[in-house]
Amino acid sequence: MDRETLAASLYARVTSCQLCALSQTRILAVPGEGPLDADVMFIGEAPGANEDKQGRPFVGASGQFLSELLAAAGLARPDVYICNVLKCRPPANRDPLPAEIDACRDYLDEQIDLIDPLVVVTLGRYSMAKFFPNQIISRIHGHPREVAGRWYVPMYHPAAALHQGSLKATMIDDFAALGRLLREVARRDVPVAPPAAKMEPTLQESPAPSPVPGAAKPVQISLFN
Ligand code: SF4
C-alpha cells in the first residue's frame, strides 16, 4: 500500500477510536498533518481546545508561536509533519494519563514508521520521554541525539514559553540550532533510519529513564552547544 492509503487508514481509525475515555469527551480527534514524506516530524503532547474544535494540531496560540519557531529554523509549517502523543484532548487540558498514553501509543508508532523522518523533534516532556527516558527537559532541551541514522531533538513545548516568557529566547535559540542541524544533516546526506520501533523504549512519564534499550550509542554533535 502507498503512504496516502496507509495514512488514510490511520486517520480513519484515529477519528473513530474508542480505545480510551478521551473518546467520550473530545469534539474531534486530531490525527496529525503535514507532508507524508516530511524530513522533520514534530511530536507534541495532546490537542488543546482549539485543536479539539478544528481537528488539527497546533492551531491556537501555541501553534502561532510554533510557526515563529519554525521560521527560526528556516522551516515553514507546510514543510513539516506535526502530531501529538495523544490524539484526543484531555479535559481542561490536564496532563495525559499513563493509560491514555498506552492506549494511543500504537497510532504514534505507526505514524513514525509511515513518515520515516530524518529528524524527530519532541515538544514537551511527554513526547520527550518516549525517546529520552529518565531525562529532565530543562537539562537536555535543544541537544540532539542520533540513533541509527535518525536524529532526535528534545524541545520545550511552545506553550511553556507562553506561560513563562523567559523561555521564549531559549526556544528561539534551540530552533535556530535545529536549523543548523538540518543543514548539517543535509550536507552529510545521512541515510534514512530503519523503522523507529526497533529502537524505541516504552513511553513513560518524565522525568524518564536510561538510554534507549538495544539502540546504538547516541552521538551528540556540537551544533547545539
Ligand atoms: S486519545 Fe488515542 S487511544 Fe484515546 S480515544 Fe483518542 S485516539 Fe483513541
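Entry 1: I began with strand S3 (residues 119–123) and strand S5 (residues 150–155), which run parallel and are joined by 5 bridges. Within this pairing, Val121 has Val153 as its bridge partner in S5, and Thr122 has Pro154. A note on terms: two strands pair if DSSP finds at least two bridges between them. Helices (H or I, at least four residues) and strands (E, at least two) are DSSP runs, numbered from the N terminus.

**Entry 2: what kind of model this is.** The model is predicted, so I kept in mind that local features need pLDDT of at least 70 and side-chain atom pairs count only at pLDDT 80 or more, while totals for chains, interfaces and linings use all residues. Residue numbers start from 1 along each chain as its sequence is written.

**Entry 3: the whole chain.** How many helices and strands does the protein chain have? I found 8 helices and 5 strands. Along the sequence they follow the pattern α-β-α-α-β-α-β-α-α-β-β-α-α. The chain has 225 residues, and 45% of them count as buried. Here buried means 20 or more other C-beta atoms within 10 Å of a residue's own, exposed means 12 or fewer, and partly exposed lies in between, with C-beta atoms placed from the backbone. I also looked at contacts (C-beta atoms, placed from the backbone, within 7 Å). Of those between residues at least 6 apart in sequence, 77% join residues at least 24 apart.

**Entry 4: the order of the strands.** I traced the open sheet of 5 strands and got S2-S1-S3-S5-S4, with mixed pairing. Its edge strands, each pairing on one side only, are S2 (81–84) and S4 (145–147). On average, neighbouring strands are turned by 25 degrees against each other, direction ignored. For the angles, axes are lines fitted to C-alpha atoms, for helices over the stretch in contact, and values run from 0 to 180 degrees between N-to-C directions. Helix H8 (residues 167–188) packs on this sheet and touches S1 (40–44), S3 and S5, with its direction at about 175 degrees to that of S5. As a reminder to myself, strands of a sheet pair through backbone hydrogen bonds, either parallel or antiparallel.

**Entry 5: strand S1.** S1 runs parallel to S3, with 4 bridges, and parallel to S2, also with 4 bridges. Ile43 stands opposite Thr122 in S3, while Phe42 has Ile82 as its bridge partner in S2. Which residues lie on each face of S1? Val40, Phe42 and Gly44 are on one side and Met41 and Ile43 on the other, all of them buried.

Entry 6: S4 joins S5 through 3 bridges and runs antiparallel to it; Val147 has Arg150 as its bridge partner. Between the two strands of this hairpin are 2 residues, and Ala148 takes a positive phi near 50 degrees there. Why is Ala148 partly exposed? Because 15 other C-beta atoms lie within 10 Å.

Entry 7: Most residues other than glycine have a negative phi. Asp116 counts as partly exposed because 19 other C-beta atoms lie within 10 Å.

**Entry 8: the core.** A nonpolar core is a set of buried Ala, Val, Leu, Ile, Met, Phe, Trp, Tyr and Cys residues joined through C-beta atoms within 7 Å. The largest one has 57 residues, and Val40, Phe42, Val121 and Val153 are among those with the most contacts inside it. H4 gives this core its largest share, 7 residues. Not counting residues up to four places away in sequence, Val121 touches Val40, Phe42, Val153, Met155 and Leu178.

**Entry 9: around the ligand.** Which residues are closest to the ligand? They are Cys17, Cys20, Lys87, Cys88 and Cys104, out of 13 that surround it. A residue is near a molecule or strand if its C-beta atom, placed from the backbone, lies within 6 Å of it. Helix H4 (residues 98–115) gives the most to this shell, with 3 residues. By class, I read 10 nonpolar, 1 polar and 2 charged residues. Ala, Val, Leu, Ile, Met, Phe, Trp, Tyr, Cys and Pro count as nonpolar, Asp, Glu, Lys and Arg as charged, and the others, Gly among them, as polar.

Methods:
Contact = placed C-beta atoms within 7 Å.
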